[in-house]
Amino acid sequence: MVSSSADSEARAYRNASPGLRFFLAATVCLILMYLDHRGTYLEQIRAYVGASMYPLQIAIDSPAAGMRWMRENFALRKRLIEENAALRREALIASAELQRMAALRAENTRIRALLDSTSRVPGRVVVGEILAIDMDPLRHRVILNRGGRDGAYVGQALLDAGGVVGQITRDRGDSAEALLVTDPDHAVPVEVVRNGLRTIAMGTGDLERLSLPFMTRNADIMAGDLLVTSGLGGAFPAGYPVGTVTKVDGSSGDAFLEVAATPAASLDRLREVLLVFQEPGPEISDGSPAPDDEPIPETAAVKVGPQE
Amino acid sequence: MKTPLWPVWLVMLLALAAELLPLPLAVQPLRPAWTTMAVIYWALMWPGRFGVWSALLVGLFVDVAHGSLLGQHALSLSLVAYLILKLHLQMRVFPLWQLTLSVIALMFLEVFVLLWIDGATGRAEFGPGRWGPVLAASLFWPVMMAGMDRLRERLERRDSSFS
């Protein structure tokens, strides 16, 4: 254990005062944490440091990406043909569904126009990939290979084939950090498909479970109910599946029911996600002047962060 | 010839990469706290080159990599580095088992600092993901120490300023 270097190292060490340095370091850290917790002053620094770490993250992701590439390139011809046929069948069914959807969408727009209400229709989508990187074990955060340079923005909703995945929380230029719906800091406004009951689904820190903490005891909700995004709050487009209610428990004696749901998206084996660009529907111009003559800064308009 | 500093930072980079490496969901809570172990090792062995400020820098990168509060890991790691700078002469003469125990104690202290900051910002959580890394790291510490000692001794042998 004792090496010959101990003496010279100890001499070098004696010249400095670790106590003072730790005091300064702790002060710096406390100021950083205060600024980071209270506001968004440090997002720029975080973006730069994050961008500098992107090559490392790509490197970590590369074995997984390489494996996928190998699987795709060295797959058996027979299996590829089978897969191709299965995908073709799926595409046919999906396009048939889509035709029905087109009629329904036209009807929906007409009825909404009758009701004089605006709707935010989901516009185009971009496919993003999630890097195979584990972040904080206590949080459900992921890194996407799309960032501000691809048009992604903070607050943008992420979907997969099953339903809502989460939203982007930090933009790093070429990549972005996203929060999954199951993160304890995340909340998504939902409604029950069966009766239109609106509430909020919170993450629990468990990839298989969401919680609906604000259901009163007389709320009409039961196991098996499908939850979809309500579109309130504007972060998520309306009508996408969020999860299925699995358990409704009123035995705790609290004012609220304990309602648990499983997420609709397969969050434990995510690879590709859809980034949804929402296009605002026809706006109602009621002619009332803006409360301030100052133009609203653009950052305020897109600032739809996670619930904290 | 003076020993270059890049092996220290290369090891840090590898430790950071090991913390981000994808693992199956079941063993994720048992991922060893590699960066903490690396900080402890370098502060213990080369306190003149790796001190509080280096630990702070590593901590900032960990914070960004984990997406945690900026400064959280920086504070906990610089506290660990400070304590080791204070105690390194005693700790170096410990037998391995005793050294491992004191390293575990330091890691628990680090986790307490993290937990305290999480609590202060309203995100406190006690999961297996909180204590698992410390337990796993205590198993890996003797192995890592043996490997790192070989690297360090090779570097020091080439360095005239050490002897």
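**Salt bridges, core and surface**

Author: Start with A:Asp220, which is partly exposed because its relative accessibility is 42%. Keep in mind that this is a predicted model.

Reader: Which side chain does A:Asp220 meet in a salt bridge?

Author: The partner is A:Arg194, with 3.4 Å from N to O. A:Asp220 sits in the loop between β8 (210-212) and β9 (226-229) of chain A, and A:Arg194 in the loop between β6 (187-192) and β7 (198-203) of chain A, so the pair ties together parts 26 residues apart in sequence.

Reader: Is A:Arg194 buried or partly exposed?

Author: A:Arg194 is partly exposed, at a relative accessible area of 40%.

Reader: Why would two such side chains pair up at all?

Author: Side chains of opposite charge can pair when their charged atoms come close.

Reader: How many salt bridges are there over all chains?

Author: A search of the whole structure gives 19. One of them joins A:Glu129 and A:Arg271, whose closest N and O atoms are 3.3 Å apart. A:Glu129 is in strand β1 (residues 121-129) of chain A, while A:Arg271 is in the loop between β11 (258-263) and β12 (272-279) of chain A, so this bridge links parts that are 142 residues apart in sequence.

Reader: And A:Arg271, buried or exposed?

Author: Buried, because its relative accessible area is 18% and the cut-off for buried is under 20%. A:Glu129, at 23%, counts as partly exposed.

Reader: OK, chain B now. What does B:Asp118 pair with?

Author: B:Asp118 forms a salt bridge with B:Arg130, at 2.8 Å from N to O. Helix α5 (residues 96-120) of chain B holds B:Asp118 and helix α6 of chain B holds B:Arg130, so the bridge ties together parts 12 residues apart in sequence. B:Asp118 is buried at 7% relative accessible area, and B:Arg130 is buried at 7% as well.

Reader: Which residues are joined into one network by salt bridges that share partners?

Author: A:Glu43, A:Arg141, A:Arg170, A:Arg172 and A:Glu177.

Reader: Switching topic. Which members of the largest nonpolar core touch the most other members?

Author: B:Ile40, B:Tyr41, B:Trp42, B:Phe50 and B:Trp141, out of 51 residues in that core. At least two core residues each come from α3 (43-73) of chain A and from α1 (6-20), α2 (34-45), α3 (52-66), α4 (72-92), α5 and α6 of chain B.

Reader: Which helix gives the largest share of this core?

Author: α2(B), with nine residues.

Reader: What about the surface? Which residues make the nonpolar patch there?

Author: A:Leu20, A:Phe23, A:Leu24, A:Val28 and B:Trp53 make a nonpolar surface patch of about 480 Å². Helix α2 (residues 18-38) of chain A supplies the largest share, four residues. B:Trp53 lies in helix α3 of chain B and is partly exposed, with a relative accessible area of 37%.

Reader: And charge? Which residues gather in a patch of positive charge on the surface?

Author: B:Arg150, B:Arg154, B:Arg157 and B:Arg158. B:Arg150 belongs to helix α6 (residues 128-157) of chain B.

Reader: Why does B:Arg150 count as exposed?

Author: Because its relative accessibility is 64%, and exposed means over 50%.

Conventions: Residues are numbered from 1 along each chain as its sequence is written. Chains are lettered from A and ligands numbered from 1 in the order in which they are written. This is a predicted model: local features need pLDDT of at least 70, side-chain atom pairs count only at pLDDT 80 or more; totals for chains, interfaces and linings use all residues. Side-chain values use heavy atoms; hydrogens and water are left out. Patches are made of residues with over 30% relative accessible area and no salt bridge: like charges are joined within 9 Å, nonpolar side chains (Val, Leu, Ile, Met, Phe, Trp, Tyr) within 5 Å. Accessible areas come from the Shrake-Rupley method with a 1.4 Å probe; for residues, only the protein chains shown count as cover. A salt bridge is a side-chain nitrogen of Lys or Arg within 4 Å of a carboxyl oxygen of Asp or Glu. Lys and Arg count as positive and Asp and Glu as negative; His and the chain ends are not counted. The place of a charge is taken as NZ of Lys, CZ of Arg, CG of Asp or CD of Glu. Buried means under 20% relative accessible area, exposed over 50%, partly exposed in between (1.4 Å probe, protein chains only). A nonpolar core is a set of buried Ala, Val, Leu, Ile, Met, Phe, Trp, Tyr and Cys residues joined through side-chain atoms within 4.5 Å.
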